[in-house]
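Look at the model below and trace the chain from one end to the other. Then read on for a guided walk through some of its contacts.

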Amino acid sequence: MARMMLKRVGILSVAKWQTFLGLLSGLFAGVVYAGYYSVYYRTMSVGVISWYLLGTPIIYGGVAFLATLIGGAVYNSLAGTIGGMILEFDNPRDEYDAPPQPSEEFFKRPSP
């Protein structure tokens with residue numbers, strides 16, 4: 001098991017994934033809210049149902065994006081001071097082999 005310390009995160013790459021997960025959870029929550037609304041009120045108002053199915057994922061995704069931007073910036077600024085997260089990776093070999101040497105042809109200059 002290889003242990004490595006995460007010193008910095010790519011804020012936009014993490015925010016992209018968190019936004020995607022926020023959109024998915026917002027879609028799930030919107031379906032649940034729309035189902036609850038239609039069962040509890042026994043009506044199918046198109047405006048309310050569409051709000052739950054479209055508005056909820058957009059709000060969840062936006063909040064996830066902004067929270068990740070703020071959280072990533074805070075992490076990057078504090079990781080150097082208090083230390084980063086230690087992550088464990090499964091590694092079948094603890095040693096890495098050196099890359100193979102290039103052939104002699106690689107070093108020859110082409111003739112003009």
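Is asparagine 76 buried or exposed? At 12% relative accessibility, asparagine 76 counts as buried. Buried means under 20% relative accessible area, exposed means over 50%, and partly exposed is in between, with a 1.4 Å probe and protein chains only.

A word on the source. This is a predicted model, in which local features need pLDDT of at least 70, side-chain atom pairs count only at pLDDT 80 or more, and totals for chains, interfaces and linings use all residues. Residues are numbered from 1 along each chain as its sequence is written, and side-chain values use heavy atoms, with hydrogens and water left out.

Now the helices. Helix H1 covers residues 11–40, and helix H2 covers residues 46–82. Helices are DSSP runs (H or I, at least four residues), strands are runs of E (at least two), and both are numbered from the N terminus. Two packed helices are described by the angle between their axes and the distance between the axes. H1 and H2 pack at an angle of about 150 degrees, with their axes 6 Å apart. That makes H1 roughly antiparallel to H2. The cut-offs are these: under 35 degrees is roughly parallel, over 145 roughly antiparallel, 65 to 115 roughly perpendicular, and the rest oblique. Axes are lines fitted to C-alpha atoms, for helices over the stretch in contact, and angles run from 0 to 180 degrees between N-to-C directions.

The crossing of H1 and H2 is right-handed. In a right-handed crossing the near helix is turned clockwise from the far one by less than a right angle; anticlockwise gives a left-handed one. The contact of H1 with H2 has 22 nonpolar, 11 polar and no charged residues. Here Ala, Val, Leu, Ile, Met, Phe, Trp, Tyr, Cys and Pro count as nonpolar, Asp, Glu, Lys and Arg as charged, and the others, Gly among them, as polar.

Go back to asparagine 76. Asparagine 76 sits in helix H2. Leaving aside neighbours within four places in sequence, asparagine 76 is in contact with Lys7, Arg8, Val9 and Ile11. Contact means heavy atoms within 4.5 Å. Asparagine 76 and valine 9 are 67 residues apart in sequence, and their C-alpha atoms are 6.6 Å apart in space.

Leucine 69 is also a residue of helix H2. Its relative accessibility is 26%, so leucine 69 counts as partly exposed. Beyond four places in sequence, leucine 69 is in contact with Ile11, Leu12 and Ala15. Leucine 69 and valine 14 are 55 residues apart in sequence and 8.4 Å apart, C-alpha to C-alpha.

Switch to helix H1, where leucine 23 lies. Leucine 23 is partly exposed, at 37%. Not counting residues up to four places away, leucine 23 touches Pro57, Ile58 and Gly61. What of arginine 8? Leucine 23 and arginine 8 are 15 residues apart in sequence but 25 Å apart in space, C-alpha to C-alpha.

Alanine 34 is in helix H1 too. At 7% relative accessibility, alanine 34 counts as buried. Not counting residues up to four places away, alanine 34 touches Ile49, Tyr52 and Leu53.

Finish with the rings. A pair of aromatic rings is described by the distance of the centres and the angle of the planes. Rings of Phe, Tyr and Trp (its six-membered ring) pair if their centres lie within 6.5 Å; planes under 30 degrees apart are stacked, over 60 edge-to-face, and the rest tilted. By this rule the count comes to 6 aromatic pairs. Tyrosine 33 and tyrosine 52 form a tilted one, 5.8 Å centre to centre, with 55 degrees between the planes. Tyrosine 33 lies in helix H1 and tyrosine 52 in helix H2, so the pair ties together parts that are 19 residues apart in sequence.
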